[in-house]
Amino acid sequence: MNGQRVSRERKLIVCLALLTVAVYGAAFGVRALRAGQDAEEREYTALARLPESPMSVEMVNDTEPYVLTRGDGGWVCQGNEELKINSVLISYMSVTLKELSPRRVLPNGQVYLERFGLTEPSAELTLRMSEGSKRYRVGGYNPVLDEHYMTVDGGDCVFLVSREDMKLIDRTLLELVAGPDFVGTDVGSISRIYVMKEGMEYTAERTGKGFLVRQGDREFERGEYAVSGVYAVFNSAPYACCAHDVDEAALALYGLDEPEICVEFTTSDGETTLLEIGTDEEGNCFARENHSQTIYRLSPDYCAQIRERTDFAYLDSPE
């Protein structure tokens, strides 16, 4: 009996030893597999990043395609050299791609391409550097994950990229056209503001301590901080170019033949800049600078801010 018990104990010890080895082996295998996957994802992520600043940018999305090239005088659009391209926005695109950190990587992504909208991408961005190029293809948007699907250089890997990053990368040509830069950030450069809104006019003229506001028979003083809000909103508004060489008929379509708002800024050196705001039949807001033939579109949010800041009540309220 004792011999049988010893035999059973030996078998139990052997089984426990084998089980321990198996468990540790499995754990080691999982760690090794995870380490291999992490290394593979790091490799894919490194491939996705832009190695240097691009010399040209080629975008094809659901609007018109465009090609931008960088020269000594800044960025220009091929075929539309008269457009003034906002180089800061190009830098945002470049920096985003330089620091791109996909949230998730799906290796062997060929099986996912059609499912994620990458066989017929919504946008394709090609950037050419001094040596070589990179091509980014943007697929569908996943509202649950709040991410976009993307591939790089036709590889077999699908990246999931945040919606915020995609907003900085996938831009239309109109979003990249530089809008008016007439006010500047120097609060002390403005000596006079004239506003005409819906038939009402008022002025704000700089005095020694602030601004003297006049509207009809009314006259009162406001500090520089309060008046700065009137022109600061124009300085920060995102203008998107939408039309060139417009005629009188086109101005009427944009509501700029009889503008809803006219604002004229005068600087301390006597230079004046006029900005006109119009609204079309659908309620979209547009702007033009100094009676030019180039029209810019404003987002609804910024148009609402401009209406608020240019209203006489904005300066008439207590500080």
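This is a predicted model: local features need pLDDT of at least 70, side-chain atom pairs count only at pLDDT 80 or more; totals for chains, interfaces and linings use all residues.
Biologist: Asn290 comes out as partly exposed, at 39% relative accessible area. What does partly exposed mean here?

Modeller: Good place to begin! Buried stands for under 20% relative accessible area, exposed for over 50%, and partly exposed for what lies in between, with a 1.4 Å probe and protein chains only. Residues are numbered from 1 along each chain as its sequence is written, and side-chain values use heavy atoms, with hydrogens and water left out.

Biologist: Thanks! Where is the place of Asn290?

Modeller: Asn290 sits in the loop between strand 16 (285–289) and strand 17 (295–298). Helices (H or I, at least four residues) and strands (E, at least two) are DSSP runs, numbered from the N terminus. The backbone of Asn290 deserves a look too: its phi is positive, about 50°, although the residue is not a glycine.

Biologist: Which residue other than glycine has a positive phi near 60°?

Modeller: That is Asp146, with phi near 60°. Asp146 is found in the loop between strand 6 and strand 7.

Biologist: Now the charges. How many salt bridges does the count come to?

Modeller: The rule first: a side-chain nitrogen of Lys or Arg within 4 Å of a carboxyl oxygen of Asp or Glu makes a salt bridge. By this rule the count is 13. One of them joins Arg128 to Glu58, with 3.1 Å between the closest N and O atoms. Arg128 belongs to strand 5 (residues 123–128) and Glu58 to strand 1 (residues 56–60), so this pair ties together parts 70 residues apart in sequence. Arg128 is partly exposed at 37%, and Glu58 is partly exposed at 27%.

Biologist: Which residue forms a salt bridge with Glu124?

Modeller: Arg137 does, and the closest N and O atoms of the pair are 3.1 Å apart. This bridge links Glu124 in strand 5 with Arg137 in strand 6 (residues 133–142), 13 residues apart. Glu124 has 23% relative accessibility and Arg137 has 22%, and each counts as partly exposed.

Biologist: And Lys134: is it buried or exposed?

Modeller: Lys134 is buried, at 10% relative accessibility. Its salt bridge is with Asp153, the closest N and O atoms being 3.7 Å apart. Asp153 is partly exposed at 42%.

Biologist: How far apart in space are Phe234 and Cys303?

Modeller: Their C-alpha atoms are 9.7 Å apart, while 69 residues separate them in sequence. Phe234 lies in helix 5 (residues 224–236) and is buried at 1% relative accessibility.

Biologist: How many residues apart are Asp170 and Asn61 in sequence?

Modeller: They are 109 residues apart in sequence, with 7.8 Å from C-alpha to C-alpha. Asp170 is in the loop between helix 3 (163–169) and helix 4 (173–176), and at 28% it is partly exposed. Likewise, 9.5 Å separates the C-alpha atoms of Glu64 and Leu174, which are 110 residues apart along the chain. Glu64 is found in the loop between strand 1 and strand 2 (66–71).
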